[in-house]
Number of protein chains: 2
Amino acid sequence: MEYNKEHIQALYDAANRMRISAIQMTCASKSGHPTSSCSAAEIVATLFFDEMRYLKDEPKHPSSDRFVLSKGHACPILYAAWEEAGHLTHEQVMSLRQLGSDLEGHPTPRLNFIDVATGSLGQGLSNAAGMAYVGKYLDKASYRVYCLIGDGESAEGSIWEAIAFASHYNLDNLLGIVDLNRLGQTQETLFGHDVEKCAKRFEAFGCNTIIVDGNKVEELLRAYRCAREMKGKPTFIIAKTFKGKGIVNIENENNWHGKPVPLDTIASIEAQIVNKNGRGKLSIKKPIDDAPSVDLNIGNIKIAPPAYKISDKVATRMAYGIALAKLGDVCPRVIALDADTKNSTFSEKMLDKHPEQFIECFIAEQNMVSVAVGVACRNRAIPFTSTFAVFFSRAVDQIRMAAISFSNLKCVGSHAGVSIGEDGPSQMGLEDLALFRAIVTSTIFYPSDAVATERATELAANIYGIVFIRTSRPATPIIYENDEIFEIGKAKVIRQSDKDQFLLIGAGVTLFECLNAADELATDGINVAVIDPFTIKPLDRDTIKKHAKRVGGRVITVEDHYPAGGIGEAVSALFGEENGVRVKMLCVTGVPRSGPPDMLLDLYGISAKAIIKAVRYFN
Amino acid sequence: MEYNKEHIQALYDAANRMRISAIQMTCASKSGHPTSSCSAAEIVATLFFDEMRYLKDEPKHPSSDRFVLSKGHACPILYAAWEEAGHLTHEQVMSLRQLGSDLEGHPTPRLNFIDVATGSLGQGLSNAAGMAYVGKYLDKASYRVYCLIGDGESAEGSIWEAIAFASHYNLDNLLGIVDLNRLGQTQETLFGHDVEKCAKRFEAFGCNTIIVDGNKVEELLRAYRCAREMKGKPTFIIAKTFKGKGIVNIENENNWHGKPVPLDTIASIEAQIVNKNGRGKLSIKKPIDDAPSVDLNIGNIKIAPPAYKISDKVATRMAYGIALAKLGDVCPRVIALDADTKNSTFSEKMLDKHPEQFIECFIAEQNMVSVAVGVACRNRAIPFTSTFAVFFSRAVDQIRMAAISFSNLKCVGSHAGVSIGEDGPSQMGLEDLALFRAIVTSTIFYPSDAVATERATELAANIYGIVFIRTSRPATPIIYENDEIFEIGKAKVIRQSDKDQFLLIGAGVTLFECLNAADELATDGINVAVIDPFTIKPLDRDTIKKHAKRVGGRVITVEDHYPAGGIGEAVSALFGEENGVRVKMLCVTGVPRSGPPDMLLDLYGISAKAIIKAVRYFN
């Protein structure tokens, strides 16, 4: 097909105007990535002003095509595109990287045209795959998802997890473009300019692959058309480009990563622009308005109440599965994702009951989390991811970026602590509370029985933001009535009397160790209060403080977790600013071994026996 | 080539004896993975009793071939191989998963024939690649490295990072075998039994690939020979096998992952053994003894002293690079690894001076960390990995497994905190202290000037174990004399007087904010003590406590980090068990923005101004 020559020239002109803007804004901010921007100028210009369908004044429109800049450091070219589209003013783009400007050094959703924060490399494609999954299977709509990937970041394994995922789920509404500009931060990338080598890998992963000169408008347009026509598999365009394309003496040179270039280099770029008055003349294609409107009903989701009998034994991970399926009953947009552990986490209950609300992510936790972040975008679904608690440590960076994305991500980790027993340390979640507490915007539930777990799951769906729910492997007794009311940041005082001398705080398996210790101590005339915190973040400061003071300031925390960043430190920090309370921490303090759960609780000093000893020796 | 028929049968017999052992030990432990073991019986038998060269009584011999069981849950078949070799007794293997037995649920180096802990999937190949790199480029020896990979775990991106690495560095001494047994934990894997699909991916990543029937001894032996003859690239054998191979009614069936099978299934396996007295008759090939002996001199490594002038401004990341190159001068087995950030972390100084002691790992932090763990194996080298502090969050699971491996891994993270400025939150290390503190065996340095940084780097090389060094982007003043002595767990009291009313604790950029605050407060007649902790883990409990009490129990911690798991919580926990000290934490409490470093310190409440305010309002 022949393209209109004036239109082609207009796209080149737009690309060059965007280049100039990218150079100007990074000169103004005295930092940033103009060369990584310039390689992609034609790619972004052709996407925004020929290929993509969107409303420039309503970037989040349900039927608008999506664009993810996985190589987030190239954001000047993206900001320039929105300037070219007329959504941002030149003054706005010139505020790049200034304090208070939403045009940050790497893109964040503080901007209304950004769905996900990028800048930690190798994650954007998974986000895009999540959006494409929603588009194809939930929305069943026409919008397409575009993702610009750097060649350097293609070394990240998470990219290959995303490609395998997109290929497995036949995401033909996803188009990835690799900006193969040869140079990474410090040297040539793994691919250099070997387009065939790169294409071969994408092809082997089951994708449609097209090689183009990525600085040639016609080749890009032709490739986009092929991609649109390809059914049943995602397309990846391997675009050979030059870093710093168009910048005199800097194009294709090393040592120009992440720094401004001389401002006078814009002259020769300007000279190439044919239509000097072309800005704003390119039309933007309108979306095909066929995406359904979605109301997630966050804050008002109600599931069928728990139905357990006091003292029956049920694992909290099992209760999670039950609650998840109930969420599926009432909210068709609650989506469960798992990494081939669904019969351990019990997310399989969603698969059994609502198969269309379950995404198997195979053993690729990084991609699972970032796909979930994509699924959550524009509030089109609420993703609940699950695996062993310890394997979320595989995706800490993805969860961190989810926080920067202000994502509505839910993570549910089973198999907490040494109480898993014989499988040994590699499978024991002993850092998970520390990792999730460190995510600055997180809420953390650590429910201790099945009733509390169902309520935690329901609450998780009803708040917007990152949630972690910690579940346990062993079956433990039901201690709460089915109509017990749970709230975030409200602890339960399980045991108390007028004569309490100590306050014990435990959660999950250790709560039961606290209760057993309390029983035994009572027979010796030592009364202790026992608190179940329910949420570890936020902690119920008031209740814990009140009871700590009531018992004379003697607090013992007991957790199936390492010391750093766990319950003990969180409780200690509560009392950091005041006197009169002492906190003794019982926790796992070395790399544990395989063995029966009860013996391990004992060996690592978090059993009833250890608690009784700590009470007796509290000085 | 034709193989001797008796020998072939003897290998089948060995495989079947190993199957029986694997079934017996998992029946005894009432848990474990017999089916994942049985698929690999012929693979492991042929490796151990035909292909590999090793000393069964000295598994760690420098010239012995290495074997990594990346699919760690299949360890019963590995333990059975060492039983077959005569290294373990039947009684020992029957102690599988019992408390106190080193034969844990997943392999750990508590066993002398295990180099690296496995069980968190997708990491073993990177470990193996690290060992192969050392074998080829440092030891220049004949030993080969073998890695058994599961098909389920091949979904992990880290596997593809490892393959790309092995291919890029032409690791022809590495042989990977994919046990394509079709079934994951809960369903068919991404590959199923499609050997071609799997092989195509490995081939596209630049590897020699051989497809075999993995339960056929002759095919395996032939493939091993081809692999040995292949020069310039690693070989991967795609071995089509059956999960539960040989177990009646269970072979190739779903729902038999990770559970014992009926003990009476061994009868039909036993019936297939031709030579009932064959145990111990297979010979084991001796190593070619050409690996050099290595003495890392840990504890006695001395580098040239720092050479700075007081008040000169030098970034601690720069000082790290300088010290690293000095370590290179005195220890040819200190190896630097970086993930395409070497001109930011300054690890490039090693590359410049000792190029053979530098491994570029490209943007693949997971693989970098696990390769480093491989490099450290058998004390053949000391690996120093570096990237931005925040990007170690990409490899938390790998670092966690390094702790379970008792590895001598060093991690150096630059660009800590909001003080990096304009690049924005995606590049800011604000959880890194929490993450590394949560690694139960870690030591954490947070040096505040270049002198301290050089000493931290030297100390890191001189202790065995996991170390994290946090460095900063901005240049900060030299405050220590070049001959200042630094020790792990010893803080420096930078400012003190008889009239101190407060204790300020800061590190890196915030130490200088504390000093500026101290100066300004002094002009108002308020004296404060200032402590530089030097190591965050362990903290100098004695010095901090002494000065906290001396100033009347008013402590303020200031850190360029989020609250959870950082310096403030660590200090609070120090005082958890005693009264009379109050700790006020100043830290970053929300997702930050791009902006100039100084303005960000101020905005997020960790500048001198914020400290002065905290002092004035301390109640």
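This is a predicted model: local features need pLDDT of at least 70, side-chain atom pairs count only at pLDDT 80 or more; totals for chains, interfaces and linings use all residues.

**How the copies meet**

Now colour the two chains differently. Chain A can be laid on chain B by a turn of 180° with a shift of 0.0 Å along the axis, giving an RMSD of 0.0 Å. The two copies are therefore related as by a two-fold rotation axis. Which residue of chain A comes closest to the rotation axis? Select Gly157(A): its C-alpha lies 1.8 Å from the axis.

**Domains of chain A**

Next, colour chain A by its domain assignment: domain 1 covers 5-271, domain 2 covers 313-477 and domain 3 covers 492-617. Between the C-alpha centres of domain 1 and domain 3 of chain A there are 52 Å.

**A helix pair in chain A**

Select helix 6 (residues 124-138) and helix 14 (residues 365-376) of chain A. Their axes are 6 Å apart, and the helices pack at an angle of about 50°. That angle makes helix 6 of chain A oblique to helix 14 of chain A, and their crossing is right-handed. Show side chains to see who takes part: among the contact residues are Ala129(A), Met131(A) and Val134(A) from helix 6, and Val371(A), Val373(A) and Val375(A) from helix 14. By class, this contact has six nonpolar, six polar and no charged residues.

Moving on from helix 14, find Asn379(A) in the loop between helix 14 and strand 9 (382-388) of chain A. Asn379(A) has a positive phi, near 50°, and is a residue other than glycine.

**A helix pair in chain B**

Switch to chain B and select helix 1 (residues 5-29) and helix 9 (residues 217-229). Their axes come within 10 Å and cross at roughly 105°, which means that helix 1 of chain B is roughly perpendicular to helix 9 of chain B. Here Ile8(B), Leu11(B) and Tyr12(B) of helix 1 meet Val217(B), Glu218(B) and Leu221(B) of helix 9. The residues of this contact divide into five nonpolar, no polar and one charged.

**Last stop: cis peptide bonds**

What kind of peptide bond joins Lys537(A) and Pro538(A)? The bond is cis, with omega about 0°. Pro538(A) sits in the loop between strand 17 (535-537) and helix 19 (541-550) of chain A. Now jump to chain B, where the peptide bond from Lys537(B) to Pro538(B) is cis, with omega near 0°.

Terms used. Residues are numbered from 1 along each chain as its sequence is written. Chains are lettered from A and ligands numbered from 1 in the order in which they are written. Side-chain values use heavy atoms; hydrogens and water are left out. Copies are superposed by least squares on the C-alpha atoms of residues with pLDDT of at least 70 in both. Domain bounds come from an automatic or database domain assignment. Axes are lines fitted to C-alpha atoms, for helices over the stretch in contact, and angles run from 0 to 180 degrees between N-to-C directions. Helices (H or I, at least four residues) and strands (E, at least two) are DSSP runs, numbered from the N terminus. Angles under 35 degrees count as roughly parallel, over 145 as roughly antiparallel, 65 to 115 as roughly perpendicular and the rest as oblique. A crossing is left-handed if the near helix is turned anticlockwise from the far one by less than a right angle, and right-handed if clockwise. Contact means heavy atoms within 4.5 Å. Ala, Val, Leu, Ile, Met, Phe, Trp, Tyr, Cys and Pro count as nonpolar, Asp, Glu, Lys and Arg as charged, and the others, Gly among them, as polar.
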